[in-house]
Amino acid sequence: MTRPARVLIVAGEASGDLYGGLLMRAMQGEAPAAPGAPAAAADRGVAFLGIGGESMRAAGLASLADASILGVTGLVEVAARFGAIWRAYRAASRALRDEEARPDLAILIDYPDFNLRLAARARAAGVPVLYFISPQVWAWRRGRVRRMAGRVDRMLVILPFEEAIYRAAGVPVTFVGHPLLDLVRTHRTRRQERARLGLDPDRPLVALLPGSRRNEIAAHLPPLLDAFDRLRAEFRDLQGLLTVAPTRSEAEIRAVAEGAGRRGPLPLLVRDERYEAVGASDAAVVASGTATLETALLGVPMVIVYRMNPLTFALARRLSDLPHVGMPNLIAGRRIVPELLQDECRGDRIAAALRALLTDPPAAEAIRRDLQAVRGRLGEPGAIGRASRIAWDMIAAPCGGAR
């Protein structure tokens with residue numbers, strides 16, 4: 001009997017964990033069968049070892065480290081967790097060198113500073129590398145794309161403009177579309193969802209999305225709550241909800257709020273069915289990242305915020321000349337939703353931007369139309385199935401597929 005395929009899979013944050021879990025299930029055949037998949041795939045089976053979070057562990061990951069420990073951004077913030085990150089890296093490197101159980105494929109999901117180094121280790125060990133979810137080389141340190149040509153056997157990108165960047169650098173690349181097109185949908189009307197949450201369907205509702213990483217929540221939650229309190233003082237009927245990422249706990253949220261001096265009740269905490277809850281909102285304030293694109297696909301007008309260590313921000317500005325940081329604005333090619341970064345990410349500025357969304361219906365409707373156009377640029381549904389077929393092709397092909 002043919003042994004199961006062995007795959008090392010690594011994700012370092014909440015969105016990567018989500019996509020990793022979906023890809024694992026697709027490869028295991030738990031997703032609908034995809035046309036053109038190798039006939040041997042279902043018979044052979046697959047075993048996964050690596051780094052991930054709740055979603056990947058639920059899909060059967062034999063875990064080397066928890067992604068929630070690794071999920072920080074910024075040079076200063078990463079330095080504070082260097083020990084845990086280094087131990088995870090060494091564990092993954094050992095798995096690549098294992099003579100008796102060497103992986104047939106390494107699937108690396110985003111998380112570039114970690115995964116590009118691991119890709120070099122995989123190449124040295126003779127393990128083919130499939131990189132799923134491109135690092136944002138068009139935003140930060142474009143020189144990394146040249147490094148990938150010697151480390152990555154196949155790059156799968158989820159934004160259409162990324163394909164040309166990798167092809168020009170000689171990296172085998174495929175645009176598979178964005179996984180969120182299959183994931184972000186709602187099944188209840190706004191009135192039904194508000195009733196389910198115990199909220200008044202006729203009063204305005206604002207969603208607060210502070211991020212999924214510890215340092216993001218610490219940086220963003222206090223000004224988001226300050227903005228909400230300011231608006232509540234002005235609009236007595238305003239309702240709020242606060243999303244909790246799968247890799248975080250409600251206790252962490254409450255601890256950050258209390259540490260910032262807040263003693264009153266928080267907005268409604270929402271952990272499950274977050275898309276339904278955010279989709280029922282009139283406006284949202286969202287930390288830059290995957291959540292901004294999720295909110296865009298839900299058609300909810302938003303304010304994008306981000307704040308980091310001042311030294312990290314100064315370095316980032318030197319490394320990037322992009323006019324926007326929010327994914328909806330980058331995809332649209334212009335500023336369609338407001339961005340409040342660093343010193344502008346404070347309660348009074350956020351409240352003013354949200355007030356404009358809540359009190360100017362024509363402006364809010366224009367944003368909804370722009371967000372619909374962003375959806376149209378993300379390709380066709382089925383990204384995870386396409387990625388799964390490519391992964392199996394690389395396992396089945398001599399030398400791991402295309403090089």
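Predicted model: local features only at pLDDT ≥ 70, side-chain atom pairs only at ≥ 80, totals over all residues.
A residue counts as buried when its relative accessible area is under 20%, as exposed over 50%, and as partly exposed in between (1.4 Å probe, protein chains only). Residues are numbered from 1 along each chain as its sequence is written, and side-chain values use heavy atoms, leaving out hydrogens and water.

Switch to cartoon view. You have 20 helices and 13 strands here, taken as DSSP runs (helices H or I, at least four residues; strands E, at least two) and numbered from the N terminus.

Next, select L61, in the loop between helix 3 (54–58) and strand 3 (62–66). L61 is buried, with a relative accessible area of 8%. Show its neighbours: leaving aside residues up to four places away in sequence, L61 touches I9, M24, F48, L49, G50, I51, G52 and M56, where contact means heavy atoms within 4.5 Å.

Last stop: select helix 12 (residues 214–234) and helix 13 (residues 250–259). On the helix 12 side, pick R214, I217, A218, L221, P222 and L225; they meet E252, I253, V256 and A257 in helix 13. Sorted by class, that contact has eight nonpolar, no polar and two charged residues (Ala, Val, Leu, Ile, Met, Phe, Trp, Tyr, Cys and Pro count as nonpolar, Asp, Glu, Lys and Arg as charged, and the others, Gly among them, as polar).
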